[in-house]
Number of protein chains: 4
Amino acid sequence: MQDKISVIVWNEFVHEREHEAVKAVYPHGIHQAIAGFLKSDQGLTVGTATLDEPDNGLSEERLAGCDVLLWWGHLAHDQVSDAVVDRVQRRVLEGMGLVVLHSAHFSKIFRRLMGTNCSLKWREAEEVERLWVIEPSHPIAAGLGPYFELPYEEMYGERFDIPAPESTVFVSWFEGGEVFRSGCCWTRGHGRIFYFRPGHETYPTYYDKNVQKVIANAVRWAVPRVQIVDSCPNVPESLNPIKPKSIHFAKAGVVQQGGRNLE
Amino acid sequence: MQDKISVIVWNEFVHEREHEAVKAVYPHGIHQAIAGFLKSDQGLTVGTATLDEPDNGLSEERLAGCDVLLWWGHLAHDQVSDAVVDRVQRRVLEGMGLVVLHSAHFSKIFRRLMGTNCSLKWREAEEVERLWVIEPSHPIAAGLGPYFELPYEEMYGERFDIPAPESTVFVSWFEGGEVFRSGCCWTRGHGRIFYFRPGHETYPTYYDKNVQKVIANAVRWAVPRVQIVDSCPNVPESLNPIKPKSIHFAKAGVVQQGGRNLE
Amino acid sequence: MQDKISVIVWNEFVHEREHEAVKAVYPHGIHQAIAGFLKSDQGLTVGTATLDEPDNGLSEERLAGCDVLLWWGHLAHDQVSDAVVDRVQRRVLEGMGLVVLHSAHFSKIFRRLMGTNCSLKWREAEEVERLWVIEPSHPIAAGLGPYFELPYEEMYGERFDIPAPESTVFVSWFEGGEVFRSGCCWTRGHGRIFYFRPGHETYPTYYDKNVQKVIANAVRWAVPRVQIVDSCPNVPESLNPIKPKSIHFAKAGVVQQGGRNLE
Amino acid sequence: MQDKISVIVWNEFVHEREHEAVKAVYPHGIHQAIAGFLKSDQGLTVGTATLDEPDNGLSEERLAGCDVLLWWGHLAHDQVSDAVVDRVQRRVLEGMGLVVLHSAHFSKIFRRLMGTNCSLKWREAEEVERLWVIEPSHPIAAGLGPYFELPYEEMYGERFDIPAPESTVFVSWFEGGEVFRSGCCWTRGHGRIFYFRPGHETYPTYYDKNVQKVIANAVRWAVPRVQIVDSCPNVPESLNPIKPKSIHFAKAGVVQQGGRNLE
């Protein structure tokens, strides 16, 4: 790991250029709003990346130096290159942290890492969301009270089609009657993943102090503890002696490596 | 669910036709050996499917009627069609059970559902494997003692790159010095998944009575409890009234469905 | 296990005799209301037990034949004998199912099995509770829609001080603004435990068809899969040979058994 | 939290005074051996406590200032005062870390927090234990290779009667043929608990560099993130309005607090 934690905020950056209502809230893009408040953490080096950049802004080199990646997408999930998704998945499994925001529940990378549909119920009705802290001792909840409120948010309701989280940090109450597991943690490979529900493009959610605290906490929580390149090694020498058997079996002579099988 | 449980044993069926050593052990293929002992359960209808059949033996229609799918593969993971992998994944998420056997840890479908590399250490040295029952009350361990042994098996050693299992039913001790989480359960979507480690193609593992008991138990455990087609519905009507807000935000006018976004 | 599943509904049976308001709702006691609807399952033999009976109604003999125990208590948790709590805990760890209802979150037996305080927020205000089904494929949710409502319930709100559940089947939305993990599953020893939130003594909750379905499902889910008496055995003979070591250590000569150490 | 992390190493300190063989290995007691190597972490203030001290060395005041408690016991679990066990449990639930060592699997405090028997198989035969790292990215595994070995240890074998760990950091392979989940993590209340298997009193295990690294890592991992005193508050005022109901129910007039019910 480097001295400073290297963070990239990825955004598809489509809404903010196509819809006046969104541009009014996030004139420089959601990624800049998020990068802006993260920069107050002096331990972080914060950059951004967007869909329209070469390699969707996430070249092999850039990802190699990234400790924690944040992801916001909505309209253009399908336009993210599969090669980039493969690359991000590989890096998460090696140890890179990933913070998945709001409508990125349907991003290729989140669905890839979860293995599930990641679908949910939704409604866009300017309604109150109250996020209850279920695990007050979790590092992502540091500095919060028993709950915090967002005055206007899109509703996401259960059932959220995800693998059971390792920790459920927040559960949301919605004015219109639904609930949602809105802060969920998983480990995949050697990397940590946090999904955080709020952040609809037409509401000023990313200017909310509690939302900013949660995202800043999540970045710190997701910092890599290791960097381990995947392998599936043959270890022909045993640590303890293997007794010769009376019956012998031929070997099929197959070597597995990286998902491929080479004779 | 139907009166009888519909089971399909899928096998790539390559080793048994290409390697004499394997053919000697499983002359009709591993799938037939497994289907053979499963048929003693009168509540099951057992069929088989192989890689070389049209649609890899798993057409839309066939999978639609399948309750539990077993999967054995090794040499030819890459030859399984992506459309078939998509289809099997969809069916598991809808509720179908999946039992993943031995070298299918590296199958496309298992890696897809896990989201991880599913890599491990391995050695082919005719060594003793002793499977310890960690959860004696789990239905998959029904009828077993505190452990059972296989006199000759391939070694798989940790670290096995999987998401932490919901239940770890077995942990293996290997003569050569390694350990392995050899019976692991997950729920993904509405379906249950069981990975079972033993079953190397050159050893007579699938004739072992305890192995047969575990697989038969796993099939019963993985029977669908529901069949739910995925959706990500907009629910514009709220169950409880939403108070009009003083500030109004425009809607971005986006409808999400099935991973795609339609304006 | 016997042919019929043996179920005992335990109730402290104090409110219904001391408070007119409660007597009006449950004239024969909450235990009789619950036993009443469970009896419609022909596979069950349903009995009841109350605090004021000898051994709190749960003698060694009676518990030995019990498959699933349901527990309702509120006013008199402290009056349950510690010997009975020990006995119930032992039986759960051996495999007996336990269904813990509403204010029994503070029962000695639930706190004993959880190891935590099991505290929560609460309010008695005749408010609407809507229980969302988080795991539609879980057997305890069988036959339910995406949610069900109770028109009048006591509110329990997070944070609920419990170990993270193995499955969270329901999350409740409350009219007054709180959320709660209202259907939680754990395995302890060889037994299954389900906590189900609704059931305040002044409301007719146990006459609700969905509540009855959940409790009936939970009883079926909690049926013992094994019955294993605890032991901590010394196994001086090893399964594999242990190589003599060059250095020898004396044995301290201690034998552990049942939490005691006997020289 | 204080500037320095306050650590107490608790030891029953009986073996080392009663058995020459143990005294030879740990002349000043196991607690001093552990405290000794922990002191090389400049961020820690390390003290010790033993059974024979007043309050078993763990007065209310002393525990109030403790961040992480380590616990070694074997012969004298029953002699630990129940009041002290209550106190330690309360502090763990408030946020204090607890590291449970070897034969303390049968300590009152560990069994209290787990809710299970915590029994296992065991054999004292100077055998090789090889601890495989199952979660290389877990902070407790920092700095270790894929495995480490202890040349002489007591064997503990599965089934270990514990609630399924939140993380299983190590699984042990024993020369004599058994396996064991030898490094297990749980959260209870707001506190973190780590059980670490090795450490038999007749072997020089606590002088092993890898064992020392694991314990030092565990202390750092278990540092409190919060300190929250338990409560079960009545919150009569709702955050959102509760609609008057047409039917009214009397209140039973009961106030719950701290496990007691006061009218």
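In chain A, 71% of the contacts with a separation of 6 or more are made by residues 24 or more positions apart, where contact means heavy atoms within 4.5 Å. The model is a predicted one, in which local features need pLDDT of at least 70 and side-chain atom pairs count only at pLDDT 80 or more, while totals for chains, interfaces and linings use all residues. Residues are numbered from 1 along each chain as its sequence is written, chains are lettered from A and ligands numbered from 1 in the order in which they are written, and side-chain values use heavy atoms, with hydrogens and water left out.

Chain A has seven helices and 11 strands, taken as DSSP runs numbered from the N terminus (helices H or I, at least four residues; strands E, at least two). The C-alpha trace of this chain spans about 75 × 40 × 35 Å along its principal axes. Of its 263 residues, 67% are buried, a term that stands for under 20% relative accessible area, with exposed over 50% and partly exposed in between (1.4 Å probe, protein chains only).

Within chain A, the axes of helix H3 (residues 30–38) and helix H7 (residues 209–221) come within 10 Å and cross at roughly 75 degrees. H3(A) is therefore roughly perpendicular to H7(A). The contact is made by A:Ile34, A:Phe37 and A:Leu38 on the H3(A) side and by A:Gln212, A:Ile215, A:Ala216 and A:Val219 on the H7(A) side; these residues divide into six nonpolar, one polar and no charged. Axes here are lines fitted to C-alpha atoms, for helices over the stretch in contact, and angles run from 0 to 180 degrees between N-to-C directions. Angles under 35 degrees count as roughly parallel, over 145 as roughly antiparallel, 65 to 115 as roughly perpendicular and the rest as oblique.

| Residue | Element | Relative accessibility |
|---|---|---|
| A:Glu129 | strand E5 of chain A | 0% |
| C:Gly97 | strand E4 (residues 97–101) of chain C | 0% |
| B:Val25 | helix H2 (residues 20–25) of chain B | 14% |

Not counting residues up to four places away in sequence, A:Glu129 touches A:Phe148, A:Glu149, A:Leu150, A:Glu153, A:Ser172, A:Trp173, A:Phe174, A:Ser182, A:Arg197 and A:Pro198. With the corresponding neighbours left aside, C:Gly97 is in contact with C:Asp67, C:Val68, C:Leu69, C:Arg192, C:Ala222 and C:Pro224, whereas its C-alpha atom is separated by 21 Å from that of C:Asp161, 64 residues apart along the chain. B:Val25 touches B:Glu201, B:Thr202, B:Tyr203, B:Pro204 and B:Tyr207, again not counting residues up to four places away, and the C-alpha atoms of B:Val25 and B:Trp10, 15 residues apart along the chain, are separated by 18 Å.

The second largest pocket has a volume of about 1200 Å³. Of the 45 residues that line this pocket, the closest to its centre are C:Arg111, C:Thr116, C:Asn117, D:Leu93 and D:Asp230. On a 1 Å grid over the protein atoms alone, a pocket is an open set of points with protein on both sides within 12 Å along at least five of seven lines, and lining residues have an atom within 4 Å of a point; a volume is the space filled by probe spheres set on the points. At least two lining residues each come from strand E5 (121–133) of chain A, helix H5 (82–94) and helix H6 (108–114) of chain C, and helix H5 (82–94) of chain D, with H5(D) giving the most, six residues. By class, the lining has 15 nonpolar, 13 polar and 17 charged residues, where Ala, Val, Leu, Ile, Met, Phe, Trp, Tyr, Cys and Pro count as nonpolar, Asp, Glu, Lys and Arg as charged, and the others, Gly among them, as polar.

Terms used: 1 Å grid on protein atoms, 1.4 Å probe; cavity = no way out; pocket = protein on both sides within 12 Å on 5 of 7 lines; lining within 4 Å.
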